[in-house]
Structure formats: C-alpha cells, structure tokens
Amino acid sequence: MLGRKLRMGTICSPIPSATKTSSSDVCNADWMASLPPHLHDVPLSNLAIPGSHDSFSYWVDEKSPVGPDQTPAIMRLARISLVKKLMKKWSVTQNLTFREQLDAGIRYFDLRVSSKPGDADQEIYFIHGLFGIKVWDGLMEIDSFLTQHPREIVFLDFNHFYAMDEAHHKHLVHRIQEAFGNKLCLACNVESLTLQILWEKRYQVLIFYHCPFYKQYPFLWPGKKIPAPWANTTSVRKLILFLETTLSERAPRGAFHVSQAILTPRAKTIARGLVGGLKNTLVHRNLPVILDWVKTKKPGTMGVNIITSDFVDLVDFATTVIELNDLLQEDRALAKC
C-alpha cells in the first residue's frame with residue numbers, strides 16, 4: 001500500500017499554521033513523486049488520479065453580478081439580495097482552496113471562466129453562477145505549489161468559456177504562459193506521457209482548452225483528448241450505472257478519461273433544499289456511496305483514470321483514488337509468480 005493516509009482538510013504547506021495543521025498530520029502533496037519506480041513508466045492515462053469538480057468554487061462573490069452562465073430569469077431574480085445568498089449555497093462545490101486541494105492530492109482541476117461585465121481590461125474570472133477569484137490569482141497559487149513540488153503534475157481543464165471574444169482568449173492564454181512558462185507540456189501522443197518523461201522534460205502542467213483557439217498554441221491540448229461524460233442526475237444509483245457504462249465505452253488509446261462522480265441538482269431539487277444548499281441537500285448523504293464505488297475500481301487501459309468529486313474534503317476521496325494505483329503494483333507481483 002502507498003501508506004499515505006490523509007486527514008482530509010489539513011494543510012501541508014511549508015509555512016506553519018497553528019490553526020490548520022499539526023505535526024501528526026500527513027498529506028498527499030508529493031504522492032506522484034512517491035509512487036514506486038515501476039509506475040514511473042506507466043502512461044498517465046492508465047493511472048488513477050483524483051480531481052475536483054468546479055474546482056475554483058470554494059469562494060464566490062455574492063456581491064458580484066450574476067454570471068453570464070445563468071439564464072435571464074435568474075439574472076432578474078438576483079436583483080434581490082437574498083437570491084444571491086441562496087445562489088451561493090448552490091454555486092459553492094468545494095471547501096478547499098487550490099493550494100489545499102493540491103496538498104490533499106487533487107491533480108485535475110475543472111475550470112470555468114468568464115469576463116466580467118463592466119471590467120475595462122481583459123481580466124478573466126472563474127465562474128459558477130457567481131464570479132469567483134481572478135484566474136491569474138488561481139494560476140499563481142498553483143504555480144507556487146508546483147515550484148515547491150517539482151515532481152507533481154496537474155491537469156487544468158478549461159472546459160467552459162462565457163462572454164469571451166478573441167481578445168479575452170488571447171489575454172487568458174498569455175496569462176497561462178506567464179504563470180507556468182517552461183512547466184507547460186506540449187500537446188503530444190497521450191500514451192507517450194509518463195511521469196518519467198515529464199520529469200525529464202520538467203513539464204508539470206497539461207492545459208486542456210475546449211475551444212478552437214487551442215490550435216494557435218502548441219501547449220494547449222484539445223478538449224477531445226480528455227472526455228468527461230456527464231450523468232446529469234440526482235440519483236446516485238443512476239450515476240453509478242452511468243459511470244460504469246461510460247467507463248466500459250472508454251477509448252483504449254488516444255485520450256485521458258474523466259469519471260465525473262457528481263450529482264447535479266434539478267430546479268425542483270434546489271427548490272426543496274433551497275436553504276440547505278448543494279452540500280447538505282445532495283452531497284453529504286451520497287458521497288459515501290460514491291466513495292464505495294470508487295473503491296471497487298481499478299486503473300489501467302480500460303479502467304478508471306481521473307475521478308472527480310464535489311467537496312473532496314468530506315471523505316478520504318483523494319487518498320482513496322490514489323491508493324487504487326496499488327492494484328497496478330499487485331498486477332506486477334502476480335506476473336512474477
């Protein structure tokens with residue numbers, strides 16, 4: 001076993017914090033670097049990698065305008081201050097900051113971005129119903145972690161763009177270049193990407209860009225290289241059936257694969273649990289069932305690859321996914337018998 005049990009929600013930053021960490025806490029900040037040598041040459045598409053859904057939504061600004069990802073009806077309702085407070089309860093899908101997620105072992109980030117009405121410059125923000133932090137601030141937080149942990153690799157999946165023209169896209173891509181520089185991995189054959197290869201080239205960041213704009217930059221990977229089928233259900237039974245089906249249909253070569261182990265509220269779900277929010281209405285009671293499903297999985301060519309969840313700190317999500325890689329060790333041991 002990897003033996004890297006994490007007390008979820010703790011911090012393993014090099015900067016001591018009396019309020020968030022103690023000497024007895026262990027974290028997953030260097031789990032990729034700690035994998036056994038025979039996994040260094042396994043394609044990343046065959047490893048089990050924990051990710052987060054709407055990764056940036058640990059904070060949204062209820063004083064900001066409603067995002068362009070919302071319907072005109074919601075925009076009109078949000079003129080009432082109470083509506084934005086309720087929106088926040090359904091927009092927040094994580095408790096941990098980028099740094100805390102990275103320390104916890106999260107390596108895939110689901111990113112949705114937008115320009116903001118009234119901004120004179122080309123600044124881009126994370127968005128989920130309401131605006132979050134500036135993308136630049138998030139990128140710098142991630143880069144700081146990667147500089148301190150040079151053998152860790154992250155997937156940044158820019159999969160939804162709102163209110164962005166060509167100038168906004170150019171601004172965002174230049175920000176990405178400015179933040180990561182030589183850490184950016186050039187788009188290439190998926191099967192050729194192993195930890196060993198990435199370490200040798202000192203690449204740490206894979207950027208997926210679900211927009212034709214990717215064609216203009218060699219370090220932007222097309223979205224088709226990282227499909228993430230979406231169940232769009234409130235039923236945990238239907239979710240698991242969907243995850244099993246889409247996993248069985250996974251392409252054996254040429255792409256990574258994201259299993260979105262998330263439940264999506266419908267309008268009536270929100271109406272019934274208006275004050276409780278996403279976490280209390282859907283996630284708390286269903287996340288243990290989802291985690292039990294994760295424990296039955298195995299990585300590999302047709303196995304799980306990247307698995308995402310809401311509120312990754314509520315259970316030992318990241319550690320559970322990481323430890324699936326132990327099964328690849330078992331295969332190797334059996335082959336020697």
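Two residues are in contact here when heavy atoms of each lie within 4.5 Å. Keep that cut-off in mind for the first stop.

**Whole chain**

Start with everything shown. The model is predicted. Colour by secondary structure: the protein chain has eleven helices and nine strands. It holds 337 residues, and 56% of them count as buried. Now think about contacts between residues at least 6 apart in sequence: 77% of these join residues at least 24 apart.

**Helix α5**

Select residues 166-180. This is helix α5, with 15 residues. At 1.5 Å a residue the helix should span 21 Å, and its end C-alpha atoms are 21 Å apart, so the two values agree.

Next, show the side chains of His-168, His-169, Leu-172, Val-173, Arg-175, Ile-176, Ala-179 and Phe-180. These are the buried residues of α5. They cover an arc of only 150 degrees around the axis, which puts them on the same side of α5. The spacing has a simple background. An α-helix has 3.6 residues a turn, so residues three or four places apart point the same way.

What covers that buried set?

Now zoom to the two ends of α5. At the start, pick Asp-165. One of its side-chain oxygens reaches to within 3.1 Å of the backbone nitrogen of Ala-167. At the other end, pick Gly-181, which follows α5. The phi of Gly-181 is positive, near 50 degrees.

**Helix α4**

Stay with the neighbour helix and select α4. It has 14 residues and reaches 20 Å from its first C-alpha to its last. That is close to the 20 Å expected at 1.5 Å a residue. Its buried residues are Val-135, Trp-136, Gly-138, Leu-139, Ile-142, Asp-143, Phe-145 and Leu-146.

Most residues other than glycine have a negative phi. Two stops go the other way.

Select Ala-163, in the loop between β5 and α5. Ala-163 is not a glycine, yet its phi is positive, about 50 degrees. Is Ala-163 buried, exposed or partly exposed? At 47% relative accessibility, it counts as partly exposed.

Then select Arg-202, in the loop between α6 (195-201) and β6. Arg-202 has a positive phi of about 60 degrees, and it is not a glycine either. Arg-202 is exposed, with a relative accessible area of 69%.

**The segment before β1**

Go to the segment before β1 (49-52) and select Asn-46. Asn-46 is buried, with a relative accessible area of 16%. Show its contacts, leaving out residues up to four places away in sequence: Asn-46 touches Arg-250, Pro-299, Gly-300, Thr-301, Asn-305 and Leu-328. Now draw a distance from Asn-46 to His-257. They are 211 residues apart in sequence and 9.3 Å apart in space, C-alpha to C-alpha.

Move to Ala-48, which also lies in the segment before β1. Ala-48 is buried, with a relative accessible area of 0%. Beyond residues up to four places away in sequence, Ala-48 touches Trp-31, Pro-299, Asn-305, Val-321, Leu-324 and Asn-325.

**Pocket**

Switch to a surface view and find the second largest pocket. It has about 190 Å³ of space. Which residues lie nearest its centre? Arg-112, Asn-159, His-160, Ala-228 and Gln-260 do, out of 15 lining residues. Strands β2, β5 and β8 (258-260) each supply at least two residues of the lining.

**Cavities**

Finish inside. Rolling a probe the size of a water molecule over the atoms shows where empty space is left. A search of the whole structure finds two cavities of 30 Å³ or more. The largest cavity has about 70 Å³ of space.

Select its lining: Ala-261, Ile-262, Leu-263, Leu-282, Val-283, Asn-286, Leu-287, Ile-290, Ser-309 and Asp-310. Which helix gives the most to this lining? Helix α9 (residues 277-295) does, with five residues.

Definitions and conventions. Residues numbered from 1 in each chain as written. Predicted model: local features only at pLDDT ≥ 70, side-chain atom pairs only at ≥ 80, totals over all residues. Heavy atoms only, no water. Helix = DSSP H or I, 4+ residues; strand = E, 2+ residues; numbered from the N terminus. Expected span 1.5 Å × (residues − 1). Buried < 20%, exposed > 50% of the residue type's maximum accessible area, 1.4 Å probe, protein only. Arc of directions from axis to C-beta. Polar contact = N/O pair within 3.5 Å; in protein donor to acceptor, adjacent residues only side chain to side chain. 1 Å grid on protein atoms, 1.4 Å probe; cavity = no way out; pocket = protein on both sides within 12 Å on 5 of 7 lines; lining within 4 Å. Points joined across faces, edges and corners; volume = space filled by probe spheres on them.
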